[in-house]
Every structure is written in C-alpha cells, then in structure tokens.
Amino acid sequence: MAGASAPKRQDTRKFFENLSGAGKSIAVLTSGGDAQGMNAAVRAVVRMGIYVGAKVYFIHEGYQGMVDGGDNIKEAKWESVSSMLQVGGTVIGSARCKDFRTHEGRLKAAHNLVQRDITNLCVIGGDGSLTGANLFREEWSSLLEELLQQGLIDEEATQRNSELHIVGMVGSIDNDFCGTDMTIGTDSALHRIIEVVDAIMTTAQSHQRTFVLEVMGRHCGYLALVSALACGADWVFIPEMPPEDGWEDNMCQKLSENRADKKRLNIIIVAEGAIDRHNKSITPDYIKDLVVRRLGFDTRVTILGHVQRGGTPSAFDRILASRMGVEAVLALLEASANTPACVVSLVGNQAVRLPLMECVQMTQEVQKAMDEKKFDEAVRLRGRSFENNLSTYRLLSFRKADSELPNSSFNVAVMNVGAPAAGMNAAVRSAVRVGITEGHKMFAVNDGFEGFYKGQIKEIKWGDVGGWTGQGGSLLGTKRTLPGKHLDKIAEQMRIHNINALLVVGGFEAFESILQLYVARADYEEFCIPMCILPATISNNVPGTDLSLGADTSLNAIVETCDRIKQSASGTKRRVFIIETMGGYCGYLATVGGLAAGADTVYIYEEPFDIRDLQANVEHLTEKMKTSIQRGTGAQPVALVLCFRNENCNENFTTDFIYQLYSEEGRGVFDCRKNILGHMQQGGAPSPFDRNFGTKIAAKAMQWITRTLKESYKGGRVFANSEETACLLGMRRRTLVFQPVAQLRDETDFVHRIPKEQWWLKLRPLMKILAKYKTSYDVSDSGQLEHVTRVRPKDSNTSTAI
C-alpha cells in the first residue's frame with residue numbers, strides 16, 4: 001500500500017473509536033530556552049491533534065502568552081505548520097515568564113484557557129517549564145473555584161473544564177533531564193559543536209596549536225563529554241566529574257606526550273559549568289594561561305555560545321520531535337483524572353512515558369549530589385547513557401604505559417567489509433585503542449576479505465589511528481568481496497599471522513561473510529575463533545539491529561539536500577519534487593528521510609503499491625495544492641511537495657515513470673521535478689551520532705572479544721566453535737545485544753538483503769498522518785507509563801544502554 005491508498009474502513013473506524021479527540025481542545029507552547037527541533041514537535045502536535053478531531057491552539061511566547069491571553073492564544077490550522085520542520089528555534093516564540101511564578105499570573109492563565117475550553121496542555125521546554133506546568137495542574141481545581149467565586153466563569157464552564165491534562169516534551173540542548181536518553185535539540189547542538197571542532201582542527205594542525213573550546217552546559221556536561229568523545233579531544237572538563245587535585249600537572253604531561261608523539265594539535269573541551277574538586281570554576285582562560293605558562297604552546301580560546309542553539313535541526317531531532325509530538329497527543333487522549341502529568345521521552349530507540357515529577361526530582365537530585373561533592377552519585381543519576389559515555393572516553397583517551405598493560409598473547413584483526421559508511425573509522429580507532437588497552441596485539445586488514453586473502457595485514461598501533469574519528473569513508477579500505485571462494489587462503493593468512501579473534505565493521509556483506517566463516521568452521525579450525533560484526537551501512541538493512549553506523553550521516557545528507565531543494569522552489573508556482581534515495585531494497589532511508597524532510601509520499605519495496613495508489617497520490621496532491629500550503633505561521637502561501645522513492649521499490653514504476661505520471665496528471669495544477677541523490681548519501685564527515693555510536697559499540701565489542709578469548713583459551717590455544725562465539729552487536733529497542741549470526745539467519749531475507757521484520761515500518765503511518773492521509777495507526781507500540789529507575793543493576797554481558 002502506498003502513501004495514498006485508503007485503508008479498510010474498519011481500521012480507520014477502530015482508530016477513531018479508540019483515539020477520538022472530538023470535543024477536546026489541545027494547546028501547545030514552547031517555554032524557556034529555545035532548541036532546534038521544537039518546531040517539528042509543534043508541527044506534530046498540531047497535525048496529530050487535528051487528525052484525531054481535536055481543536056488545537058498555539059500559545060505564543062510561552063507562559064507569558066498564556067498569562068496575557070488575547071491574540072497570543074490562536075487556533076492552529078493544518079497549513080499553519082507547513083514548512084516549519086526545517087526551521088530552527090521556535091516560531092511560536094518562547095519567553096521566561098516571571099508572572100506565571102505568581103498565583104495571580106496562574107489565575108489569569110487559567111481564565112484564558114477556560115474561556116477557550118482548553119483542558120489539554122502540551123508543554124515543550126526544560127525542567128523549570130515542566131515543573132511550572134505540574135504546579136499549574138495541581139492548583140487547577142482551586143484556580144477554577146477562585147474564578148467562579150469572582151464571577152469570571154460560570155458553574156457550567158467549571159464542570160466542563162474540571163480536569164487539566166499535561167504532557168511534557170523536553171526541549172533542551174543541554175540534555176540535562178533525567179529519564180530520557182536524548183532531549184530535543186541536543187543532537188543539533190552537537191552538530192554545531194562538531195562543525196566548529198572540525199573546522200578548528202584544520203587550522204590548529206597548520207600551526208601546531210592548542211585550542212580550548214567552551215561549550216554550553218552550566219549544570220550538565222553532556223555536550224562537552226559527547227563532543228570530546230566525537231572528536232577525540234585530549235582533555236574534557238565537566239561539572240559532574242571534576243578532575244582530581246593535581247590535574248594541572250596531569251593535563252600538561254598528557255598534552256606534552258601527545259605533541260612528542262608527533263600530534264600537531266591539542267583540543268581541550270570545557271563545559272561552561274566546569275569546576276574543580278573544591279567547587280572553584282575552571283575557565284577556558286585559566287586553562288589557556290596554564291598551558292602557555294607551563295608548556296609554551298601556542299594556545300587559543302574559542303567560546304561557542306549561542307551558535308550551539310542556532311541553525312537547522314538535525315535529522316535525528318526532526319524525527320525525535322515528530323515521534324514525541326504524536327506520542328504526546330496519544331498520551332493526552334488516553335489521560336484520565338488519575339493519570340499523573342507525564343513526559344514523553346526516548347530510551348534507546350523506544351518511546352516511553354515517565355511521570356513528570358519523578359524525572360524533575362531525579363534531575364534535581366543530580367545537582368544536590370554535585371553540591372554535596374558526591375560526584376560518582378551525580379554521574380550515576382545522569383543515567384546509563386551518560387555513564388557509558390564517560391567510561392568510554394576514559395578508556396580511549398588515557399594511554400597506559402606498556403608496563404601497565406595486561407599481559408595478553410592474543411592477536412586481534414579488525415577490518416571493513418562492504419560499501420563505505422560514515423563512522424567506520426571511529427569504530428576502528430576505538431577497537432584498536434581498547435584492544436591495546438586490553439593487552440592485545442592489533443592487526444589491520446586492508447581492502448576487506450580481498451586484502452585478507454592477499455595478505456594485506458599489518459600491526460596497527462595506538463598513534464596510527466589518531467584523528468580517525470572525524471574522517472568519512474573507510475581509511476582501511478573496504479570491498480564487497482565475500483570470503484566463500486577464498487577460504488583456503490584466508491585460513492592460511494590466519495595461521496601466518498596467528499589471528500585469534502576477528503572484528504568486522506560493515507554492512508550486509510559483513511553479516512554474510514561471518515556467516516560463511518561460521519559455517520566453514522567444520523572444515524577450517526582457523527575460523528574457530530571469536531568473531532564479531534559491527535553493523536555499518538547507510539541502508540540500515542542488517543538483521544539484528546535497529547540502527548547501523550552511517551545511516552544517521554546519510555539521513556542528514558538527505559535532509560540538507562531536501563532543505564536546499566525546498567529553498568530553490570520558494571516563491572515559485574506549485575511544484576512537486578520526486579526524490580530517489582539509495583538503500584537497495586530497504587526503504588529505511590526513504591521512509592525516515594521522508595519523515596525528517598516532511599515528504600508527502602514515500603514509495604518503498606516493503607509496502608507494495610500499484611497504479612491505483614499512484615493515481616490516488618496525484619489526486620491527494622492536487623487537492624492539497626488547491627487549498628494552498630502555507631510557509632510558516634504567517635507567511636505567503638507557497639506550494640511545495642516532496643515525494644520520496646527508494647531506488648529498488650518497483651522495477652516498473654521507476655523514478656522517471658513516476659515523474660512523467662505526476663507531470664501529466666498534475667498539468668495545470670503543479671509542475672514536477674526529479675532529483676536522484678546518488679552517492680552524496682555515502683560521503684561526508686560522520687555525524688556526531690555515528691562517531692559516538694561507532695566509538696561505543698567498538699569498545700563494547702572489544703571487551704566481549706577479550707572475555708570470549710579468555711573463555712576459549714584452553715591447552716595453550718584459542719578454540720571457539722559454539723554459535724555464541726560468532727556474533728553481531730546490534731541495538732534492539734533499548735539495549736545493545738550480542739546475537740549469534742546463526743540465529744539471525746532465520747530472520748533474514750537473503751534474496752532482497754533485508755531483515756524479515758523492520759521496526760521503522762511502524763513510523764510509516766505516522767508519516768502519512770503528518771501528510772494528511774487517512775490511515776490506521778497501531779498504538780500498541782506507543783509508550784506506556786513507567787517509573788524512573790533509580791538504582792540500576794550492573795550491566796549484563798549482553799546488553800547496555802547506548
């Protein structure tokens with residue numbers, strides 16, 4: 001079924017019976033500091049609300065607009081949020097409001113809501129904004145009683161508006177809210193930081209300079225920590241984990257050693273709230289003066305400031321905000337008098353609902369722990385994702401002396417297989433450094449299995465992978481060649497180099513390769529070693545994982561191109577663009593790229609379509625064009641529609657065919673253009689997400705390899721032939737899991753090179769709803785109300801938060 005084909009009537013009816021918003025009014029506001037992606041959240045709330053039959057209102061200028069009322073509270077139409085997706089900041093305005101902190105201010109706000117029968121509030125902001133919303137809800141009954149006594153509302157209005165439901169979405173670039181892995185705006189802020197760091201690295205290398213960069217994060221070091229991890233910074237200062245006393249000596253020694261290792265630049269990242277163990281502020285200028293005084297290095301300071309809040313939202317933030325916006329409306333529709341105010345958030349790849357005040361309380365406990373100098377406790381309270389980032393950074397950044405390394409006699413080979421994908425080099429760097437730290441001798445294999453059987457294998461040292469994190473493509477070289485026809489030669493090379501374990505970073509070919517080696521264990525003892533795959537392909541078509549390395553970078557390339565395409569058509573007559581994406585038979589890039597770019601229709605192989613569906617799409621577009629799409633909340637009407645097509649979705653309905661059909665059928669209403677994105681989807685510097693994902697999964701894989709090597713070492717040699725010793729490390733919903741390739745074989749469609757079940761297909765109805773198609777929406781997978789976990793069990797060997 002394509003984007004337009006009408007679903008069976010009973011599905012739609014069932015959907016509306018369960019989730020009717022008829023007679024309800026929902027208001028959406030953005031409060032506190034702005035964050036990229038807020039507009040995508042507003043758009044999703046408005047469209048999902050209208051879709052289920054509710055009235056939706058904008059509250060302009062945050063709580064100030066709610067207190068002032070009047071034109072600040074306006075009903076939103078479907079077209080009000082057109083072309084809002086790619087705009088940074090918040091177009092409905094945000095303000096920090098003193099009036100709402102007073103009882104009189106909240107009374108005025110309640111009056112303004114009751115006048116419009118608004119009893120459902122969606123608040124997008126930080127912990128302060130959400131705490132204010134919860135207080136408002138707790139006071140609601142007494143506020144109505146007061147308004148009734150003052151004669152400002154009547155008894156009927158009091159009854160009609162007796163319950164106020166609140167759902168929050170966290171919009172904050174700092175990612176300082178406990179209970180969620182990522183807040184709206186964090187990924188985009190990381191993009192801004194990494195863009196600056198990448199630019200600075202080129203100039204720093206030219207002059208052999210040290211750069212000290214200050215990033216935002218007064219009370220939370222997430223941006224500093226993750227950007228340090230993503231660029232391989234020499235040192236990082238965060239408020240949750242101040243450096244030990246004597247850090248000045250340690251830092252200068254490390255900078256000096258790095259320079260002696262022929263590293264031409266040093267990067268130090270400082271969170272604006274960085275402190276030492278005695279609560280004294282650590283400023284960029286203090287660090288600069290220290291480095292100049294002690295080492296004489298040419299040192300510069302760069303303070304990023306509000307650059308981090310600006311720019312267009314990343315693909316991740318657009319998708320996150322769209323998913324959370326729809327989830328927020330579902331939560332409001334399902335809310336009852338007994339339901340606590342909740343926050344919709346993301347844990348791993350799973351939408352969850354958490355009681356708002358539990359999250360706020362834990363967020364406040366972090367600050368309390370820091371004030372009491374219980375820094376380990378503060379890090380633990382930040383959550384497993386934060387802990388994992390910190391432990392990985394420490395593992396990769398501090399090189400141990402050879403005398404301190406464990407005594408291991410194991411040789412581990414690392415290689416890339418398949419098409420290049422952004423993040424491969426970050427994974428290889430991480431694997432090499434963690435492997436060396438674990439005491440192994442690391443070997444790099446060039447040009448995949450083709451290089452393997454030709455003997456292109458050499459030892460790789462700690463310094464050899466310096467600066468690899470930000471490099472796109474594959475520095476080791478990669479080929480699609482499978483090992484099946486060269487097993488004898490590969491086994492021989494394994495004997496020559498005494499390879500005891502193998503880490504393969506790659507796509508579907510990597511999965512097929514390890515499967516072939518696993519099957520060949522019966523004939524070749526050399527393959528009875530621990531083997532692990534890290535999924536890396538822009539197509540995201542590897543079984544056993546929700547996300548693959550490289551897919552996020554590719555989505556950002558697609559979204560940036562679509563933003564430019566949209567801009568190219570601004571001010572022109574009504575226009576439709578047919579955009580072809582890569583992905584083979586897997587429709588992930590087309591579907592998720594379409595959702596992030598605000599596409600009208602997406603054609604993919606997994607959801608068959610016929611000529612009737614194409615015809616229905618054209619009719620839907622024609623109708624949409626006649627009602628005229630509007631850009632922004634108050635701009636001139638301009639019609640512009642994107643239709644995505646996955647490259648192998650249908651052998652007959654090609655991009656040219658669809659382009660010609662749309663051109664003919666839309667004659668007189670809209671004109672048509674086509675754009676084949678091609679290999680630009682594979683290139684470019686890796687996104688912050690791919691750098692971090694690659695770094696963390698490779699570190700985890702190497703730790704698994706070390707454990708498995710120790711368990712398999714018997715009688716003076718490694719022998720591992722159980723299915724658990726040939727694994728793929730993938731992200732499944734909330735956890736990272738090692739899965740035997742032998743078990744994943746049954747989950748795979750080898751003909752079309754895709755998994756038999758793909759989680760992202762559940763996003764397709766969401767995309768259709770936001771494009772105004774009637775469709776059934778399966779809410780069984782929507783977030784359920786959970787409680788915030790306080791004391792987490794120790795990570796098992798098989799899974800962890802990312």
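A: A definition comes before the questions: helices here are DSSP runs of at least four residues, numbered from the N terminus. The model is predicted.

Q: Which element gives the largest share of the lining of the largest pocket?
A: The largest pocket holds about 1400 Å³ of space. Among the elements that each supply at least two residues of its lining are helix H7 (186-207), helix H14 (384-397) and helix H9 (247-260). The largest share, 6 residues, comes from H9.

Q: How many residues in the lining of the largest pocket are charged?
A: The lining has 50 residues, and those closest to the pocket centre include Asp234, Lys254 and Ser397. By class, 20 are nonpolar and 13 polar, while the charged residues number 17.

Q: Which element gives the largest share of the lining of the largest cavity?
A: The largest cavity has a volume of about 490 Å³. It is lined by 32 residues, with Met182, Phe316, Gly348, Leu547 and Phe689 nearest its centre. Elements giving two or more residues include H7, H8 and H23. The largest share, 6 residues, is that of H23.

Q: How are H8 and H23 oriented to each other, roughly parallel or roughly perpendicular?
A: The axes of H8 (residues 222-231) and H23 (residues 688-712) come within 9 Å and cross at roughly 75 degrees. Angles of 65 to 115 degrees count as roughly perpendicular, so H8 relative to H23 is roughly perpendicular.

Q: How many charged residues line the second largest cavity?
A: About 50 Å³ of space lies in this cavity. Its lining includes Met169, Thr180 and Leu346. The classes are 8 nonpolar, 3 polar and, for charged residues, none.

How values were computed:
Residues are numbered from 1 along each chain as its sequence is written. This is a predicted model: local features need pLDDT of at least 70, side-chain atom pairs count only at pLDDT 80 or more; totals for chains, interfaces and linings use all residues. Side-chain values use heavy atoms; hydrogens and water are left out. Axes are lines fitted to C-alpha atoms, for helices over the stretch in contact, and angles run from 0 to 180 degrees between N-to-C directions. Angles under 35 degrees count as roughly parallel, over 145 as roughly antiparallel, 65 to 115 as roughly perpendicular and the rest as oblique. On a 1 Å grid over the protein atoms alone, a cavity is a set of points where a 1.4 Å probe fits but cannot get out, and a pocket is an open set with protein on both sides within 12 Å along at least five of seven lines; lining residues have an atom within 4 Å of a point. Grid points are joined across faces, edges and corners, and a volume is the space filled by probe spheres set on the points. Ala, Val, Leu, Ile, Met, Phe, Trp, Tyr, Cys and Pro count as nonpolar, Asp, Glu, Lys and Arg as charged, and the others, Gly among them, as polar.
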